[in-house]
Amino acid sequence: MTTRSIKYAIAGLTLAVTLASGHTSAAAQEQVIIASTGGAYDRALKEAWFDPFTQATGIAVQVVSATNAEMRAKASAMVRAGNVTWDLYLEGEIQAASDAHRQVTEDLSPFCAGYASRAGLASNACAPGGALLQSTATLLAYRTDGNRPAQPETWADMWDTQTFPGGRAFPNFDDPWRVLAAALLADGVDKDKLFPLDVDRAFAKLDTIRDHVTLWWKTGDQSVQGFRNGDYDLGQIWLTRARSMKDEGLPIAWSYKAAFLVGDRIALIKGAPNRDNALKLIAYWLDNPSVQAQACSTLSCTPPSADAIALMSEEARQSMPTTDEISQHVIVPDAEWINANAAMLLQRWNNWVR
């Protein structure tokens, strides 16, 4: 066993002893700092995961809110400067497999070895780039109030401003592939031939809807507030945010016929000041299906544990895409192609959107 493996084993044993015997006064003074995207997302994680973890271990969880782009930039800057003040941050499933991500985060392979054969966990629940927090979708959401003759279902409907009038919303941050992919699907590209993306064709299609875009959102909270304010009628947003709005009683629905499968990973930053506590927080998530079930019941996401899915209510499970919807409609993005072309995509996007 390597020295690093021994450290992970000791960390796991320490967690088990702590959970069994209760926390000490010294542990009560400890903390772990995690960066997330704020709003309803953070509230759900706090209630389901962070607060029970603190109660079990005495380790306080401090949450820092930032956009995805800000988290990536901040984590990179801290590592380069050798002055790391965060321990963990949430990163998209695609970006977590990139070279840029590996330069900033610790390889979790030794830690993940303990979960490689864990019954009930998805095969990708723990990976070098981070532990799987949840899988969800970026999809077409729309208002259900007003006198609307039909409901939009596809990305072609998003572009059909005569049948479905009203403002449009799209994300505008450092991850533009999903907007380009939606444009290509709206232009008739078959889902099985979507990647590699025909970037020129995508921007040409985006030109036809640009004047109807009333919100370019940069954060999940901004997409929520824009819907509350009536800033748009149809939008490409995260399912987790759409579900939180539905739970508020807002007039919103969504379509899995216009959806991309995405997810978040929990990444450990190189040089994390509270590294051992950070690993305990990750372990608490992976080890507790009930915690995953509570969070994903609120957020309408799919947890990494099959046992967690079984614990979710029938209503919560019905909000997930069905097997048929996933196989027929939901797009699984080509992460390798996206990461290889990330710089080009972002440059083209910034030149177009400004």
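# How do you know? Questions on a predicted chain

Author: Let's start with Pro196, placed in the loop between α7 (177-186) and α8 (199-207). Keep in mind that this is a predicted model.

Reader: What makes the peptide bond between Phe195 and Pro196 cis or trans?

Author: Look at omega: for the bond joining Phe195 and Pro196 the angle is about 0 degrees, and the bond is cis. For background, most peptide bonds are trans.

Reader: And how do you know whether the chain is as compact as a globular protein of that length?

Author: First the parts list: 17 helices and nine strands. Then the radius of gyration, which is 21 Å; the globule rule gives 20 Å for 354 residues, and the two values are close, so the chain is as compact as a globular protein of that length. The C-alpha atoms fill a box of roughly 65 × 40 × 35 Å along the principal axes.

Reader: How much of the chain is buried, and what share of the contacts comes from residues 24 or more positions apart?

Author: Buried residues come to 52% of the 354. Of the contacts with a separation of 6 or more, 73% are between residues 24 or more positions apart.

Reader: Okay, why is Ala119 called exposed or buried?

Author: Exposed means over 50%; Ala119 has a relative accessible area of 65%, so Ala119 is exposed. Ala119 lies in the loop between α5 (109-112) and β4 (126-127). Its C-alpha is 38 Å from that of Gly235, and 116 residues separate the pair along the chain.

Reader: What makes β9 enclosed by the rest of the structure?

Author: The count does it: 15 of the 17 residues of β9 are buried, so β9 is largely enclosed by the rest of the structure.

Reader: How do you know that β5 and β9 pair, and in which sense?

Author: Pairing takes at least two bridges. β5 and β9 have 12, so they pair, and the sense is antiparallel.

Reader: What about β1: how many bridges join it to β2, and are they parallel or antiparallel?

Author: Six bridges join β1 to strand β2 (residues 60-65), and the two run parallel. Val32 stands opposite Val61 in β2. Five of the six residues of β1 (residues 31-36) are buried, so β1 too is largely enclosed by the rest of the structure.

Reader: Last one: what makes helix α10 mostly covered?

Author: Seven of the nine residues of α10 (residues 239-247) are buried, including Leu239, Arg241, Arg243 and Met245. The buried residues of α10 pack against several elements, among them α2 (39-57), β5 (130-143), β9 (252-268) and α12 (289-299). Just after α10, Gly249 takes a positive phi of about 90 degrees.

Technical notes. Residues numbered from 1 in each chain as written. Predicted model: local features only at pLDDT ≥ 70, side-chain atom pairs only at ≥ 80, totals over all residues. Heavy atoms only, no water. Helix = DSSP H or I, 4+ residues; strand = E, 2+ residues; numbered from the N terminus. Rg over C-alpha atoms; globule rule 2.2 N^0.38 Å. Buried < 20%, exposed > 50% of the residue type's maximum accessible area, 1.4 Å probe, protein only. Contact = heavy atoms within 4.5 Å.
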